[in-house]
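Visitor: I'd like a close look at just one part of this model, please. Could you walk me around it slowly?

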Amino acid sequence: MQKISMVAKHAKGKSEQDRIFGVNSAANKKAEIVGKENIVNASIGAFLDASGKLITLPTVEETMKNLSFDDLAAYAPIAGLPGYIEAAIDATFEDCKPDAFIKGIATPGGSGGVHHAVWNYTDEGDTFLTADWFWGPYRTMAQDLLRNIDTFLTFDEEGNFNLKACMEKVEALAKVQKNVLLIINSPAHNPTGYSLTDDEWEKLVASLSELANKKENNIVLYVDVAYLDFAPKESREFFKTFSNLPENLLVLVGFSMSKGYTMYGYRTGCLIGVSSSEDVINEFFDVNQFSSRATWSNCTRSGMRVLMELHDKPELMAKVKKEREEYRLSMEDRAHTFINEANEVGLKMCPYHSGFFITIPTQNADEIALKLQDDNIFLVSLKKGIRIAICAIPSEKIEGMATKIKKAMDEIGE
Ligand code: PLP
């Protein structure tokens, strides 16, 4: 019998399985049988302690508790509280602020920024570009917003950013489309942990500027910095390359409080526009404010107020940074544990610099991930690899993991 469908044409057939939720449930079920302590659940993309509890920054929590409920519960302006926007811009760039016109719009996390960029800087039926290792929701948003996503090979043969592959796709798209939107997730890319070097950023921005200078296209570079605060301190230098760009090269930076401030569920982010043209920045502000009104209206005031407090009280922000640094170093420690063992047993990985995830490239991700569940290891399989959320497991559970993954790959095939 034919299934009844009531949705509009564009919504037909849209559905998505939450892979992470599925793997997490499988891990929890197995834990009931073998005991939680014997389970390695590296599926969740949040920073967890050894007992699987969410790690939060104590000073962020304290700052939130010190605010009055009527302050937290009130509406915020659609574009975000002005003090928050200023704080988000400062927290993003710190001392590497580009020389440009800069404005921001509050968004529900980093996701909201991607949504607005895709919606407002591409047309229906257009394609936008990103690297072939990418965060799945980019594709979901493409589909939901009636756009297409196309990718280029993230790495060259030496394991560096593949500028050549990237620019070939950008230039080909520029021939058939007026607006070219390119999303780059760096530093501490999800899912590989790669960060473009300053030199790679310079070359990318120079190539995009050259294309923009031909005046045939509008080029929009979206920089997804969701994991910025879990990369080393010097990871902001590249922002300076966004100074004095051609007027038709707009940079959008997606700031998020989800990871850096451990405020995942508070849905607080900021879409920051950077342009050498005041007109482009005013238009950026107007259209994105309009889209916010038309979608989620205003954003979560409590998240915004916390960042404003931290911005106004440098001693509090210093405490947050100190707490976060401790966690960042513990993540680094987890990563080293895995990488050292992977090198010892000859397990190939995507190049990792920092961040929440390490990825193993393989054509048989589903089979390998399933096989590892027999060893009580729960990982998320992607199209071209398996993702290990080192953020979710302590170092002692990481030991032995690379060996087991290598064994499963030897049995099943790479
Ligand atoms: N970008 C990337 C690459 C991510 O991994 C995430 C979250 O997992 C986000 C953006 C946005 O996160 P949120 O909307 O929770 O701030």
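Visitor: How do the residues lining the largest pocket divide into nonpolar, polar and charged?

Guide: The lining splits into 17 nonpolar, 15 polar and twelve charged residues (Asp, Glu, Lys and Arg count as charged; Ala, Val, Leu, Ile, Met, Phe, Trp, Tyr, Cys and Pro as nonpolar; the others as polar). This is a predicted model, where local features need pLDDT of at least 70 and side-chain atom pairs 80 or more, while totals for chains, interfaces and linings use all residues. Numbering starts from 1 along each chain, and side-chain values use heavy atoms, without hydrogens or water.

The pocket holds about 1,300 Å³ of space (an open set of points on a 1 Å grid, found with a 1.4 Å probe, with protein on both sides within 12 Å along at least five of seven lines; lining residues have an atom within 4 Å of a point). Among its 44 lining residues, Ile 20, Trp 135, Gly 136, Pro 137 and Arg 387 are closest to the centre. Helix α6 gives the most, six residues, and α1, α5, α12 and β11 are also among the elements giving two or more (DSSP runs, at least four residues for helices and two for strands).

The ligand sits in this pocket, with more than half of its atoms within 2 Å of the grid points. Helix α5 supplies three residues, the largest share of the ligand's shell, and that shell has three nonpolar, seven polar and three charged residues. Oxygen atoms of the ligand lie 2.6 Å from a polar side-chain atom of Ser 258, 2.8 Å from one of Asn 190 and 3.4 Å from one of Trp 135.

Methods: A polar contact is a pair of N or O atoms within 3.5 Å; within protein, one must be able to donate a hydrogen and the other to accept it, and residues adjacent in sequence count only if both atoms are side-chain atoms. Grid points are joined across faces, edges and corners, and a volume is the space filled by probe spheres set on the points.
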